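I opened my notebook to record what I looked up today.

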Amino acid sequence: MTSFVPTNAMSTTEPSRDGPIGNTLRGYASMWARAGRRLVPCMVVLAAFLVLRSIQNSVEAKLGNEAFASGYSLAAITFLLLLLGVRKRVITQRFGAVALWQRSHHYLGMLCLGSYVLHAGVITTGWFESLLAISFWAITLSGLGSWYINRTAPRLLSAAGPQILRQDIPERKNQVAAAAYRLAMEAAGRSDSAALADHYQSTLVSFFGFHRGFWYFVRPTGAHRRRILAALENMDRYLDDKGTDLRRQMSQLVQTKDDLDFQSAIQNRIRLCAGFHTWLLGGFVILTVAHVLLAYQFSSHW
Amino acid sequence: MNYYRTPRSSTKCGKSATGQSCSLGPIGGRCGLQGLGADQVPCKPIRTLHWWNNVLRLAFALLALIVASFVWGSFSTRRIATPGPLSVAHAQLLVSKRGGAEIALAIDANNRCSACHPGLENQGGQGIQENDVPVMASQSQSQLCLHCHLEAMPDAQFGSPHDLTGSALKQLVERNDRGANNGFFSFLVGHRPNAWESTSTECSQCHREHQGAAHDLKKISSERCQSCHQNAFASFSNGHPEFKDYPSGASREIAFDHKRHQDLHYTKKGASFDCKVCHIQTDQVGVVGKVFRSLPFETACASCHSEPIRSAAQDGLIVLQLPSVNRKQLSDAGFDIGVWPEQASQMNDGTIPIPMRWLLQAESNGENLFASLPPSGRLSEMDMNDPQQRQALANLVQATKALMIKLANQGQPGFRESIAGLIHGPVEPGAQGWLNEFASGLPPICSVRPCRNG
């Protein structure tokens, strides 16, 4: 998905005192540090996966039912994954930062995926089993989507000005709309700036007063903002100095409103993905319990 | 202190979407400003994202609960619970009632699971039936398997690998203490006996169903084989334990006597009895590499058998041949066979040629003549301690004598009558020429006068 990065996000970096070689070395060091931070947990996940595979082999080598071994491993990992939801609801630092739990959740999710493939394979047959598999894959894919969005969204959000809580955005939009209205009123009181007031009434009222619509939420772009800003700049020839100053302030408000819309869209996307990840959980747990009961009912040994 | 500003209540101010929410907020689902005064305009509280999340979680959980109870509750919908399609061999049994077959098997279409899964019979239908008697019951899953498979595997009731008893397996297999039982992860999976130690091995431990129509039920993973076969060896020629008492003289699915071939024929020819000659095909790869259960005639048998067969065909087809029987044993058992050549009265030996078998079967009471004889047709394999087999041999002798006397007395007409009895009607005109040629070896009428009847 293409995301829009507002123009005011383009920050200028301070020139380095170490020169280009120092910058390059620091860049490599940082890259290796980041890779190391991911490599170690990935190796742990791989080792855990191999342990699970060994257990499965061991059970199979004793003519046991390896599906029960891998199934219970999967259930245990799923239980650990569910603990993140519990941790988020407990307001304390005693059990460690939520961010740490979140990272562990991501790596456990990878192990869970491997464990699932060991247990059920990639393709599942049977109506009930398929339903369970669809639930699992839906939760897994939404989790992966949520992880990707959580990785990319902070960069996008910080590029769109100071971060604002989702529930505070409507109030901020309201303040921006009020400021734009006051600016338009001021322009209307002056004959050399009246064109700005007319433009506000004909075009900008709807921009400041209404939501951006569904498609902007799906794919937020800066095309509309660019059109409005271009139209505002074109008005400079009708305005005197004071009017031009008011127009610049109006352009700034358009930019702020667009940033707020962008933040709202990105944050809604995060919430939707995270929400979808948890909506199916209850159903998945119930189907899993039914699956275990069916397995015990129909299997001759375990 | 507010750590997390996402509202946990189910409603929020109706004006929050426009950024005009008041600090009071909704109380008990109603606007907090309600009733405070005419100058305060109350809002209509709206549901929070938290509330919608909970509703959706509950809805999906409820949906899953309905599906689970639907699957669990109604027996007729059990096919929904099946983890996958059955293999072809089992699926065809469950399609419809199969009547008139060797095994009278009938499975209620609405209660198919109980055919193989115990404890489901009382939930509708009658489950599997054998000879019109419902097999109910407190039987294990493997016992249900044996309702159909016991005939082909009489020793399967031992419930152990290769249909051997635990003690027999123990003699065959040396326990390897360094095996899986003492593996690093044994503390996680607990101690499970090796298969040969177990006296209750289930069929499904090796044969996995519900893997789809294309799944081969006989396909067993290496891990499972190695639950017993843990002693590694480089090859059959290097390190494999010696084959004791091999080849065995026991009759197999394929009528080939390994022991007789090794002891008699190969020894006579001075050839070495090498497994590879008949079981390894170098230019083909099968399930177990280049090793095959049987190779084509040209590869495995032709070197010895092609010339005798060709010679036998040139000399003609044996139609009548007196078998050799042990007169003394029959006599001791109370069967007097009367006149019978002395040279053919010492021991049970020889076979009944196929054309003679047909002629004997065409006579009255000939249909069941061969029912109790060995499937190979070799009289040397008869068990004379078995009363049924003794009776069958005595009947065969009498029937052979009757056929010989009939042909001797009636000549070609008698032979034609036997052939007509065999095909249950007159010989077609097109086959008359062949029959005339075939019967030409016999006299046109009886050539022995007076004929003896005993």
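**Entry 1: the interface**

I noted at the start that this is a predicted model. I then looked up how chain A and chain B meet. The contact takes 46 residues from chain A and 52 residues from chain B. I asked how much area is buried between the two chains. The value is about 4,400 Å², and carbon and sulfur atoms give 61% of that area.

Next I looked for charged pairs. The rule finds one salt bridge across the interface of chain B and chain A. B:Arg208 and A:Glu66 form this salt bridge, with their closest N and O atoms 3.2 Å apart. I also looked up polar contacts between chain B and chain A, and the count is five residue pairs, both residues being at pLDDT 80 or more.

Which elements of chain B give two or more residues to the side that touches chain A? I found helix H1 (49-73), helix H2 (78-81), helix H6 (186-189) and helix H7 (222-225) of chain B. H1(B) gives the most to that side, with 12 residues.

**Entry 2: a nonpolar patch**

I turned to the surface. A:Leu82, A:Val285, A:Val289, A:Leu293 and B:Trp72 form a nonpolar patch there. Together they have about 410 Å² of accessible area. Helix H10 (residues 281-298) of chain A gives the most to the patch, with three residues.

A:Leu82 lies in helix H2 (residues 66-89) of chain A. A:Leu82 counts as partly exposed because its relative accessibility is 33%.

**Entry 3: A:Glu186**

I found A:Glu186 in helix H5 (residues 169-188) of chain A. Its relative accessibility is 37%, so A:Glu186 counts as partly exposed. Which residues does A:Glu186 contact, leaving aside neighbours within four places in sequence? I found A:Lys242 and A:Leu246. A:Glu186 and A:Leu246 are 60 residues apart in sequence, yet their C-alpha atoms are 8.4 Å apart in space.

**Entry 4: B:Ser87**

I moved to chain B. B:Ser87 sits in the loop between H2 and helix H3 (88-95) of chain B. Is B:Ser87 buried or exposed? B:Ser87 counts as buried, because its relative accessibility is 3% and the cut-off for buried is under 20%.

I then listed what B:Ser87 touches. Not counting residues up to four places away in sequence, I have B:Glu209, B:Gly212, B:Ala213, B:His215 and B:Leu217. With B:Glu209 there is also a polar contact, side chain to side chain, at 2.6 Å.

Conventions: Residues are numbered from 1 along each chain as its sequence is written. Chains are lettered from A and ligands numbered from 1 in the order in which they are written. This is a predicted model: local features need pLDDT of at least 70, side-chain atom pairs count only at pLDDT 80 or more; totals for chains, interfaces and linings use all residues. Side-chain values use heavy atoms; hydrogens and water are left out. Patches are made of residues with over 30% relative accessible area and no salt bridge: like charges are joined within 9 Å, nonpolar side chains (Val, Leu, Ile, Met, Phe, Trp, Tyr) within 5 Å. Accessible areas come from the Shrake-Rupley method with a 1.4 Å probe; for residues, only the protein chains shown count as cover. A salt bridge is a side-chain nitrogen of Lys or Arg within 4 Å of a carboxyl oxygen of Asp or Glu. Helices (H or I, at least four residues) and strands (E, at least two) are DSSP runs, numbered from the N terminus. Buried means under 20% relative accessible area, exposed over 50%, partly exposed in between (1.4 Å probe, protein chains only). Contact means heavy atoms within 4.5 Å. Buried area is the accessible area (1.4 Å probe) that two parts lose on being put together, summed over both. A polar contact is a pair of N or O atoms within 3.5 Å; within protein, one must be able to donate a hydrogen and the other to accept it, and residues adjacent in sequence count only if both atoms are side-chain atoms.
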